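Please keep the sequence and the 3D view open as you read.

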Amino acid sequence: MGSYYLIIGVIFIVSMIVQNRLKSKFAHYSQVRLRNGMSGKEIAEKMLRDNNINDVQVISVPGKLTDHYNPADKTVNLSEEVYMQRNAAAAAVAAHECGHAVQHAVGYSMLQLRSKMVPIVNISSRLLQFVLMAGIVVMASSGSKTLLTIGVILFAVTTAFAFVTLPVEYDASNRALKWLETSGTLDRSEHEAAQDSLKWAARTYVVAALGSLAQLIYFASMLSGRRD
C-alpha cells in the first residue's frame, strides 16, 4: 500500500497548493471594486437578460464557495458574499454560474451528459470506499477479485464524471469571460482579474480529475497483481 499512500500524499499537497492559491487570488480580487458598482446579483441578472434567458432566478444561498447553477429548478445560486459584493471576484463567480445557465439554455452536450451521470455517480460515491476496502480484504484472504472489480468500476464512474466536468467548467468560464468583455460590464483591469480568478478555480477541477485517475490506475493495477 506504500504506493497508494504516496499517491494520496502527492495529490493532497498539490490540491492544498492550488486551493490556497485560489483563496489568495479571490481575497486579492475581492478588493478590486467594480467601476460600475454592480453586485454579483446584478451582474448575473444582466448576463441572463443579455442571453435572452428569462426563466432562471438568481438567489442567495448560505456559506462560502456554495455557488452553483441548479438545472432542476433553473436557479443561479450565489453565496452570500458573491450575491452582495461589488468586486471583480464576485463578478467572475456570478458570470461563471450564469455560464452554466447559458449552457442549459442552448443544450450544451457535455452539460447534458454530466446531468445524466449525476444519479449513478451519487450511488457510486456512497458505495465506493466500502466496496474497495472490502474487495482488497477479500482478494487478500481468498484470492477472489470480483468485489474489487466492482469497486474499480465504481471508481471509474466517478473518475469519468470528474473528466466530463472539466469541459463543462471551462466552457462556462469562457462564456462568462466573453460576455464580461463584449458587454462592456468590466474594464480591462477588472476583466483580467476575473480571468485570473476563474483560471485558478478551473485548476481545482483539473487536480481533482488527475488525482482521481491516479487512484483509479493504482486500484486497477491491484487486479493484475501490480501494486508497487
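Aspartate 196 counts as buried, with a relative accessibility of 11% (buried means under 20% relative accessible area, exposed over 50%, and partly exposed in between, using a 1.4 Å probe and protein chains only).

About one helical turn separates aspartate 196 and lysine 199, because they are three residues apart in helix H7 (residues 188-223). Lysine 199 is partly exposed, at 39% relative accessible area.

## What kind of model this is

This is a predicted model, in which local features need pLDDT of at least 70 and side-chain atom pairs count only at pLDDT 80 or more, while totals for chains, interfaces and linings use all residues. Residues are numbered from 1 along each chain as its sequence is written, and side-chain values use heavy atoms, with hydrogens and water left out.

## Other salt bridges

How many salt bridges does a search of the whole structure find? The search finds ten. One of them joins aspartate 171 and arginine 175, with N and O 2.5 Å apart. These two residues sit four apart in helix H6 (residues 146-182), so about one helical turn lies between them. Aspartate 171 is buried at 17% relative accessibility, whereas arginine 175 is partly exposed at 26%.

Glutamate 81 also forms a salt bridge, with lysine 64, and their closest N and O atoms are 3.9 Å apart. This pair links distant parts of the chain, 17 residues apart: glutamate 81 belongs to helix H3 (residues 80-84), and lysine 64 to the loop between strand E1 (57-61) and strand E2 (68-70). Helices (H or I, at least four residues) and strands (E, at least two) are DSSP runs numbered from the N terminus. Glutamate 81 is partly exposed at 37%, and lysine 64 is exposed at 64%.

## Annotated transmembrane regions

An unreviewed UniProt entry places the feature "transmembrane region" at residues 6-22, 120-141, 147-168 and 205-223. UniProt positions follow the numbering used here, feature names are shortened, and annotations may be inferred rather than shown by experiment.

In the model, residues 120-141 are 100% helix and 0% strand, with end C-alpha atoms 30 Å apart. Residues 205-223 are likewise 100% helix and 0% strand, and their end C-alpha atoms lie 28 Å apart.

Terms used: A salt bridge is a side-chain nitrogen of Lys or Arg within 4 Å of a carboxyl oxygen of Asp or Glu.
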